[in-house]
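Me: I would like to learn how to read salt bridges in a protein model. Please start with the structure.

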Amino acid sequence: MGSEGTGADRLGLLLDQFDRAREMAQVRLTGLGDEEYLWEPVPDCWSIRRRSEAATPRAFGPGEWVLDLGNPDIPANEYAEVARQAADGMTVAKIAEDWSVSVERVEEILTGTAVAEPDAPPVTTIAWRLGHLHFEFAGGWEWAFGERRQDPKLMVDFSPSATLTLERFWAVIDRWRDSVATVTEKQLDTVGFSQYPYGSHAENSFLDVLSGTNLEFIHHMAEIALLRDLWRARFATPE
C-alpha cells in the first residue's frame, strides 16, 4: 500500500511514515499464536480478561472480554502528561474525566501539591497493546470521519483469538489509512476536525492528531516486537 504523496507535502510525509510502520508491524506480527498473544511475562500484567475476572477498576469493552485499565489514581510518571494536557488547553474538568479522577486531584497535580502515587506503569501483554490500538483507531475514525456518536471503548469486541483479533485490527487500520488519504489541506489545519472524546484531539489541528497517531502506532508496535523477542527467548539457555 503506497502513499499518495511523494514525501514533499505534509500529508504525504505522514502517510509514508504510517505505511512503512504498518508494513514492518505486519511482518513482525506474522505467526502470532494465542498463547503468545496472551502471555504475561510478569505477574499483574494488564491484558484482556473475561469480564468476571477483570483485575482493574476501569476495564472496559462491550462483550465478554474486557481490556484492563485503571490505576485508582494518576501515577507520578504521568504528571507531566497531565501538565501537557492543561498547557494544550484542556480544562481541568476534561482532564479529570479523561483520567477518571476527581477535579480536585487534577488541581493538586497541576499546583504541585499532590502526593505522588507510587505505582509504576504496568507491564502489558501483546493482547493489551493490540486492544489499546484497536479501540483508539476505531474511535479515531468514528470521531473524525464517522458519525461521532459511538463511545470508542464500546466499539471493539475484544477476543482471546490472536488470528481473529489481527483480522479485525488490520481492517480498522486500513479503513483509517484510506480515510486519512482523502484529507484536504484545509482539514489538516482544522482544529477540532477530530472530536475523539478521550485526550486532546478536539483542541488540536488534525495535522497534530495525525502526527500523534502515527507515533502511538509506532511505539506500541515497537513494544509488541520486543514482547515477541522475549517470548521467543524465554527458555533460551545462555551459551
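**Reading salt bridges**

Reply: Take Arg 149, which counts as exposed because its relative accessible area is 64% (exposed means over 50%, buried under 20%, partly exposed in between, with a 1.4 Å probe and protein chains only). This is a predicted model, where local features need pLDDT of at least 70, side-chain atom pairs count only at pLDDT 80 or more, and totals for chains, interfaces and linings use all residues. Residues are numbered from 1 along each chain as its sequence is written, and side-chain values use heavy atoms, leaving out hydrogens and water.

Me: With which residue does Arg 149 form a salt bridge?

Reply: Side chains of opposite charge can pair when their charged atoms come close. A salt bridge here is a side-chain nitrogen of Lys or Arg within 4 Å of a carboxyl oxygen of Asp or Glu. The partner of Arg 149 is Glu 147, with the closest N and O atoms 2.6 Å apart. Glu 147 is also exposed, at 55%.

Me: How many salt bridges does the structure hold?

Reply: It holds 16. Among them, Asp 68 and Arg 49 meet at 2.9 Å, N to O. This pair links distant parts of the chain, 19 residues apart: Asp 68 is in the loop between β2 (65–67) and α3 (79–87), and Arg 49 is in strand β1 (residues 48–50). Helices (H or I, at least four residues) and strands (E, at least two) are DSSP runs, numbered from the N terminus.

Me: Are Asp 68 and Arg 49 buried or exposed?

Reply: Both are buried.

Me: Which residue pairs with Arg 84?

Reply: Glu 81, at 2.7 Å between the closest N and O atoms. Arg 84 is partly exposed because its relative accessibility is 34%.
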